[in-house]
Amino acid sequence: MANANNIIYLDNNATTPIDPKVLDTMLPFLKENFANPSSTHFFGTQINEAVKSARIRVKDLIGADEKEIIFTSGSTETINIALKGVAENYSEKGKHIISVSTEHKAVLDTCKFLENRGYEVTYLSVQQNGLIDLNELKKSLRSDTILVCVMFVNNETGVIQPIKEIASLTHEVGALFMSDTTQAVGKIEIDVNDFGIDILCLSGHKMYAPKGIGALYVRKGIKLPAYTHGGGHENGLRSGTLNVPGIVALGKACEIAEQEMKQDAERISSLRNELENELLKIPDTFVNGSKESRIHNVSNICFKGFDANVLIGRMKNVAVSNGSACTAAIVESSHVLTAMGLTDDDAFASIRFSLGKFNTKEEIKSVIEIISELIKTSFRYA
Ligand SMILES: Cc1ncc(COP(=O)(O)O)c(C=O)c1O
């Protein structure tokens with residue numbers, strides 16, 4: 001899809017463009033359909049119906065029940081609600097949580113917060129391919145473990161963890177299993193019952209809906225405390241007037257994903273493979289993370305000896321991402337890549353290409369040409 005600046009956008013894991021069909025569905029709710037869904041007048045009940053339909057579309061996509069879906073502002077908030085909520089409500093059983101060193105900062109920083117509040121968190125390591133070792137998980141599970149939190153798809157490498165096996169080991173000790181499925185929902189089929197997921201998060205702006213809307217799935221019977229107090233919205237968990245335009249947009253995005261996910265995956269996967277195969281012809285390049293257990297839209301490639309930031313800066317009309325996370329003043333190498341055993345230099349030399357459903361074959365051809373030329377004319381540090 002052409003954008004205003006004619007940029008070839010390969011940063012869909014950071015955020016996706018809004019699907020025009022999603023925008024069309026959402027716009028009336030920013031204009032004439034503005035009533036509060038909690039209002040009891042006819043206008044309000046009409047809007048409430050739209051929220052109900054959206055909730056059905058979200059629950060249908062992940063095989064859940066309507067009552068198990070809580071609308072939030074996105075995955076960071078959902079992860080905070082879930083991790084802090086489980087910690088608070090299950091602390092009588094224990095104060096031990098298990099997660100993974102390659103999780104998103106939304107999980108890691110919330111875990112750090114809980115550690116400061118007296119909880120013990122075990123961070124599982126990953127192998128060179130980015131996958132956890134199930135034996136390490138087995139050894140880490142305890143009778144006082146209350147929650148295991150492992151992401152489905154890694155946002156930097158696309159690596160897919162063995163979720164079914166993790167969920168089943170977790171349940172053997174009576175703990176809850178939560179998965180950050182932000183980069184998975186809408187791209188691959190997920191049925192919460194099939195995978196044994198008790199809690200998950202999804203985010204609109206990773207699946208062609210706008211920013212500022214997401215959802216929490218929490219299995220019936222799991223009690224979480226109120227995150228915000230007020231009018232008792234969203235089963236009393238998250239009070240506050242609902243973001244109706246966002247909710248309606250998310251519902252539409254889920255409906256589209258359910259219908260189109262399979263054929264999108266095939267097309268995107270063949271574009272990703274073409275890009276990856278061609279870029280790997282450049283000397284001293286390699287893929288970060290398992291190629292066998294990986295989502296179809298991501299390729300994280302190390303261009304050994306180069307500075308990815310410099311390369312990205314020189315790519316005038318290509319939007320990609322480097323593996324490093326920039327905090328306010330410090331530029332750090334990616335915690336995901338270094339946890340997989342990469343040196344800081346190799347982590348700084350890595351670029352994440354994340355494709356989306358609007359990318360074309362022509363765009364991929366151009367990117368291959370642009371990067372191949374760029375490498376020839378760029379300075380190699382080592
Ligand atoms: C795996 C993962 N988890 C959580 C988040 C946070 O999502 P949000 O932007 O909806 O807060 C992201 C976003 O980058 C992500 O990729």
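I began with the shell around the ligand and asked which element gives the largest share: helix α3 (residues 75-89) does, with 3 residues. I note here that the model is predicted.

**Ligand shell**

I then listed the surroundings of the ligand and found 13 residues. The closest are Thr76, Asp180, Gln183, Ser203 and Lys206. I sorted the shell by residue class and got 9 polar, 2 charged and 2 nonpolar residues.

**Polar contacts**

Next I looked up polar side-chain atoms facing oxygen atoms of the ligand. For Ser203, which is also among the closest residues, the distance from a polar side-chain atom to a ligand oxygen is 2.6 Å. For His205, a side-chain N or O atom is 2.8 Å from an oxygen atom of the ligand. For His104, I read 3.3 Å between a polar side-chain atom and a ligand oxygen.

How much of the ligand does the protein bury? The ligand taken alone exposes 390 Å², and the protein buries 86% of that.

**Nonpolar surface patch**

I turned to the surface and noted a nonpolar patch formed by Leu23, Leu27 and Leu30. Together these three leucines have about 240 Å² of accessible area. I placed Leu23 in helix α1, which covers residues 20-30.

Technical notes. Residues numbered from 1 in each chain as written. Predicted model: local features only at pLDDT ≥ 70, side-chain atom pairs only at ≥ 80, totals over all residues. Heavy atoms only, no water. Near = heavy atom within 4 Å. Polar contact = N/O pair within 3.5 Å; in protein donor to acceptor, adjacent residues only side chain to side chain. Areas by Shrake-Rupley, 256 points an atom, 1.4 Å probe, with all protein chains shown as cover. Helix = DSSP H or I, 4+ residues; strand = E, 2+ residues; numbered from the N terminus. Nonpolar A, V, L, I, M, F, W, Y, C, P; charged D, E, K, R; others polar. Patch = residues over 30% accessible without salt bridge, like charges linked within 9 Å, V, L, I, M, F, W, Y side chains within 5 Å. Salt bridge = Lys/Arg side-chain N within 4 Å of Asp/Glu carboxyl O.
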